[in-house]
Amino acid sequence: MAPKSIASGSLSPAISPSFLALSLLLSLSAVSSAHDYSDALHKCILFFEGQRSGKLPPNQRLRWRRDSALHDGSSTGVDLTGGYYDAGDNVKFGFPMAFTTTLLSWSVIDFERSLIEENEEGNAVRAVRWGTDYLLKATAVPGTVFVQVGDPHSDHNCWERPEDMDTLRTVYRVDREHPGSDVAGETAAALAAASIVFRSRDPPYSRLLLDRAVRVFEFADKYRGAYSTSLSRAVCPFYCDVNGYQDELLWGAAWLHKATMRREYREYIVKNEVILRAGDTINEFGWDNKHAGINVLIAKEVLMGKADDLRSFKFNADGFICSLLPGITHAQVQYSPGGLIFKAGGSNMQHVTSLSFLLLAYSNYLSHANHDVPCGEISASPGLLKQLAKRQVDYILGDNPLKMSYMVGYGSRYPQRIHHRASSLPSVQAHPAHIGCKAGSRYYLSPSPNPNLLVGAVVGGPNVSDAFPDSRPFFQESEPTTYINAPLVGLLAYFSAHP
C-alpha cells in the first residue's frame, strides 16, 4: 500500500496515535502569534558580537563590551587572540567554536538570498570571519591545532568580566603525539564550509581557508584519536568527546567534497562509510555528534542525481526525519507538552535549533527534487518539515506555555538573569575599577536582572515540562551558547523571507 502523504497544514483522516500527535503539534503552530522574524534575525546575529574575544573593531555594535584576552597564546609564542567565548564563561573552547563556524557558514550558504533580502548578509559573513580568522591562527603551525585557551577549572572558579580576567590562559593543543581527530576534523569542516562563503566575496581568503582545511583534514585523518583522551582534564567534562572522532572525519570529508568537488573526498566517504559508522545515531546533531548533519548534507547530492553510490546517506537522512515526527517514534526524541523538542542533558535549545535547521535544509533539498520522506504508514512532505521547524522557532520566540521569548531582547518578556559573566557584571564603562575573581560572586547570586543586555542570546531553555527558572545558578537553562544561535541564523533568515 502506498504511504499516506502529509502536506503542509493537512493530515490524513486516519485516526492513530501518530496522526493525533502530529495534529496536536501542527494545531499549536496554526494558532501561533505573528512574529517579527527580521528583528529576531538581526538580534540573533548581533549576539555573536557579545561573544567576541580579542581586540574589538571600530564597528562593534554591542558597545558595553571592551577588548579582552589580548595576550592569548603568548605563553607558547603564538598569537591566539580573537575568536569567540563559547557561552557564559571566558574560555575559548575550539571544538564548539569550530562547529559554530561551520553552522554559521552553512546558514549563509543555504540561505544567502534571504539574508540579502533582510539586509543581514554582511553581518552574518562578518560573524563567520571572526571565527575563521581565529581558526587560521589556531592551525598556523603544521601538524598542530591549538584547541583551547584558558584553564576551565580556574575560569569556572571565578565570576569575572572577560575584560578583567586574571585566570590562567593556558594553551592546549593536539599534535602527532597527542591526536585529536574530532576537533581537527571539525576545524577542517569549518574552514572548508567558510571557503564556500568567501569564494566570490574574497577569493584569496577563500583559497587560504580551503588550503588550510585540506592540510588540517590530512592531519586529522593520519593521526587518529580523540582529543578528550589526549587532553582529558582540560576538556572534560566541559566539551568531552563522548561520541568518538569518526563522525568528524566523515563530516570534514563531506565539507571538503562540497567545497572542492574532488573525487578523492567522495571516494573517502564511500570507502569509510561503514568503517566510520555513518549510520550510527542518525537522529543526533550537535558539536559532539555530526551524524544527522553528514547524512543530510550528502543526501542533497543524491537528491540532485549526482551521487547514486551514496544513496545510503539519503536512507539515513530519511530515517533521521522520521525520528523527529511526533508519534512516529519516541526512541530518541520527545516533545514537551508545549511542543518543544526535548533531549536530556542540559542546554536543550542546542538540540532544538540544530535539529530544526536540518529539518528546514532537508525540506528545501526535497522540494527541489520533488520528493517526500516515507515514514511507515505516512509520507512527510517538505511543507510539513518546514512547518515543524517553524513551530520550534515560534516556541523560542514566545509561542509557549510561559508566553515568553527565550531570546534576550526579543519581545516584551524574555530571560533577565542569564548565566553570563559579561552580561551580569557591571560594564567597564559603568564600573571602571577591576572586579576580582570572587568579588563577582555577589552579582552572580543577585536576584537583580543583568545590567548589560546581551541582545539576541538564546538560553538553554525550559525543561521537559516547559518550566523555566530565570536564575543564573541554573546554568543548563539560563546559559546562552554560540552553537545555539548559529543554526538559528539560517532558520530566521528563511522565515523572515518566507513568513
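Predicted model: local features only at pLDDT ≥ 70, side-chain atom pairs only at ≥ 80, totals over all residues.
## Helix α5 and its partners

Helix α5 (residues 121-138) and helix α8 (residues 203-222) have axes that come within 11 Å and cross at roughly 50°, which makes α5 oblique to α8. The crossing of these two helices is left-handed. On the α5 side the contact is made by R129, T132, D133 and L136, and on the α8 side by Y205, L208, L209 and R212. Sorted by class, the contact of α5 with α8 has 4 nonpolar, 1 polar and 3 charged residues.

Helix α3 (residues 94-110) also meets α5, with axes that come within 9 Å and cross at roughly 145°, and this crossing is likewise left-handed. From α3, the residues M97, A98, T101, L104, S105 and V108 take part, and they meet A124, V125, A127, V128, G131, T132, Y134 and L135 of α5. By class, this contact of α3 with α5 has 10 nonpolar, 4 polar and no charged residues. T132 of α5 is listed in the contact with α8 and also in the contact with α3.

The buried residues are F313, K314, N316, A317, D318, F320, I321, C322, S323 and L324. What covers them includes the helices α12 (263-272), α13 (291-303), α15 (349-369) and α16 (382-397), together with the strands β5 (334-335) and β7 (373-375).

## P451 in its loop

P451 lies in the loop between α18 (441-444) and α19 (475-478). With a relative accessibility of 49%, P451 counts as partly exposed, because the class of exposed residues begins only over 50%. When neighbours within four places in sequence are left aside, P451 is in contact with S423, S424, L425 and P426.

The C-alpha atom of P451 is separated by 48 Å from that of K314, a residue 137 places away along the chain. K314 is one of the buried residues of α14, whereas P451 is partly exposed.

Technical notes. Residues numbered from 1 in each chain as written. Heavy atoms only, no water. Helix = DSSP H or I, 4+ residues; strand = E, 2+ residues; numbered from the N terminus. Buried < 20%, exposed > 50% of the residue type's maximum accessible area, 1.4 Å probe, protein only. Contact = heavy atoms within 4.5 Å. Axes fitted to C-alpha atoms, helices over the stretch in contact; angles between N-to-C directions. Parallel < 35°, antiparallel > 145°, perpendicular 65-115°, else oblique. Left-handed = near helix turned anticlockwise from the far one by under 90°. Nonpolar A, V, L, I, M, F, W, Y, C, P; charged D, E, K, R; others polar.
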